[in-house]
Amino acid sequence: MRVNLTKQKAAVREYSAEMAKSFLGGRGFAAKILWDELKPGVDPLSPENRLVFAAGPLTGFALPSSGKLVVAAKSPLTGGYGDGNIGSHVAVQMRKAGYDAIIIEGKAEAPTVLLIQDGATEFLDAKELWGLNTFETEDNLRSIYGPTAGILEIGPAGENLVKFANIVCQKGRGGGRPGMGAVMGSKNLKAVVIIGSGDLPAAYSKDLKELGAETYREILTKPNYTFWKRQGTMMTIEWSQENSVLPTHNFNEGVFEDAEAIGGFSMEKIKSSQRGCPNCNMTCGNVVNDADRKESELDYENVAMLGSNIGVGDLKKVAALNRVADEFGLDTISLGNVIGFAMEASEKKLINEKIPWGGYKAAKALIKDIAYRKGLGEILSEGTHFAAEKFGSGSNSWAMHVKGLEISAYDCHAAPAMALAYGTSPIGAHHKDAWVISWEVKTGRERYSEEKVDKIIEFQRIRGGFFECATVCRLPWIELGFELEWYPKFLHAATGLETSWDELNRIADRVYALIRAFWVREYGKNWSRDLDYPPARWFEQPLTKGALKGAKLDKTKYEVMLNMYYKKRGWDGRGIPTKTTLEKLGLKDVAKQLKKSVRLWE
Ligand code: PTT
Ligand code: SF4
């Protein structure tokens, strides 16, 4: 479905079988749509940008953890391709309504709620909702449309075009780290409500039903299941501390003195309930009562970034900061980065504001100022990269981002493969495409090797390629060891197409090459391989605490691995896919266009 907010019109069209076979869905569809439809250099916050909600061929079926959705646009934070993955009833409802992707273009004249009920589309006045936080908005719309309606909304941060505003739903699911909430705000779109009543069309519905029943049962038998239900991603705090990768004080260190107090076992003591995405029987959202006696849903990234990274060691206080971020609609990872950056700038006296490490009250006030772009918050609302340009004094070397997207919660002073995974992630620093660090810690973290490069590509293909295109949650596979062999079977029952992991990997490579081409086309003469490097801090300032005291990355060796990575991907020394690579992947037109753009600045 294509929705034009300026004209208040919607139209539906079928896409070709070729599109489905080449790009699968989700991220693949989003990347193809953004490449085809965006004029190079378009302002991400202009009506011309597209906001894409994309499901995949497995989304919404009664299959394990299939309630996931990709939200994508040209990112206002990075200027490149941006997306995120959100667990939401919208994923299920839009498929039930008959849509695999929704492309939103233009800008509504006044605040609007887009309501899609099967074939009918309405543009509702949202003046009363504008200014409300995401929880209030959710309550308001849910009281009208019911508990299983698909609802996505933005908070004040998205309305105020904060560059790392994300999209929120169900009071605790958040997605679209690279400013997808700001893109939604720029279109005056406060919320989307989708209700579908149809059946999802499956090629072999009986097989699909049987596969679903069998695999939901199988998940329950996995050895890690019980512990996963107890802690979910929160178990990672202890692991990160033990292995000196817990981001601490703006990624200065990898160990935090209060790690235990903010860890999974401490969380269990204050946990009140559990929430999750639709269609999932391993629900992992840990709900706790926070310092303000309100409910907050905790995940590892939220707690590490708003806890150890800014020096707050009281879990209830961390939970309160997390809940406030959800209410405003701010990405917690970027938020923890910009606050940590401001705390370090304050310590180094680059700014006048006093924001001490661990300063809970100061952090909470700053979050509000960021959401409303007030005082120092105005600068920080543009992200760490921008703030570093403003503060100067070499602060760029400790502005913890790649390509403008702030780093997620793994310190890489002693993890070269994870650093390269951040460097080469297709949206800027995010662990989602290649969370290689657990494997790296197990197999020899000090090495810089070809094996590591291979592992990163293997993960990028499965996680960033398959799971983001399919579009289903990757956690059954990662956390419980749910076998990958199931997925081609699911795809066959859902679509009728026989496929193999070799073929799925090829789709992943195609999507990666296309996204890389998008970045190069957007950046033009500002494109450089330097954009694939992690922040200078990890090369220059060794850890001063913990078992790995003294560790830092080696730049020359990182470069060797980066070159290997380019070679294996079929990209040139600047990190640009070669004509041969693009043509081999069936992207002949992309090769032609890219050649034209590159020629302009060469
Ligand atoms: C994701 C990033 C993550 S990754 C976390 S916690 W994690 C943060 N969550 C936020 C939040 O919450 N509120 C908020 N205001 N900002 C937040 N920013 C951070 O966003 C999430 C789970 C998790 S919890 C992870 S790892 C897995 N991610 C998946 C993925 O990316 N793809 C996929 N196919 N399956 C995944 N399963 C898991 O989903 P982004 P969610 Mg998130 C409150 O969006 O932009 O991709 O960044 O979606 O529904 O909350 O589920 O330790
Ligand atoms: Fe959502 Fe967690 Fe289930 Fe994945 S495992 S679908 S993130 S509730």
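**Ground rules.** I am working with a predicted model, in which local features need pLDDT of at least 70 and side-chain atom pairs count only at pLDDT 80 or more, while totals for chains, interfaces and linings use all residues. Residues are numbered from 1 along each chain as its sequence is written, chains are lettered from A and ligands numbered from 1 in the order in which they are written, and side-chain values use heavy atoms, with hydrogens and water left out.

**Cavities.** I used a 1 Å grid over the protein atoms alone, on which a cavity is a set of points where a 1.4 Å probe fits but cannot get out, a pocket is an open set with protein on both sides within 12 Å along at least five of seven lines, and lining residues have an atom within 4 Å of a point. Grid points are joined across faces, edges and corners, and a volume is the space filled by probe spheres set on the points. I found two cavities of 30 Å³ or more.

The largest cavity has a volume of about 970 Å³, and among its 50 lining residues K68, N85, D299, H431 and R474 lie nearest its centre. Domain 1 (2–195) and domain 2 (229–410) both give residues to this lining, so the largest cavity lies between them; the domain bounds come from an automatic or database assignment.

For the second largest cavity I noted about 50 Å³ of space, with K403, Y512 and W571 among the residues that line it.

**Ligands.** Where does ligand 2 sit? I found ligand 2 in the largest cavity, which by the rule for sitting needs more than half of its atoms within 2 Å of the grid points. The residues surrounding ligand 2 include S65, K68, R173, C277 and C473, where near means that a heavy atom lies within 4 Å.

**Pocket.** The largest pocket has a volume of about 1100 Å³, and 41 residues line it, with Y15, S16, A20, F29 and D100 nearest its centre.

**Backbone.** I noted that the peptide bond from A470 to T471 is cis, with omega near -20°. D118 has a positive phi of about 45°, although D118 is not a glycine.
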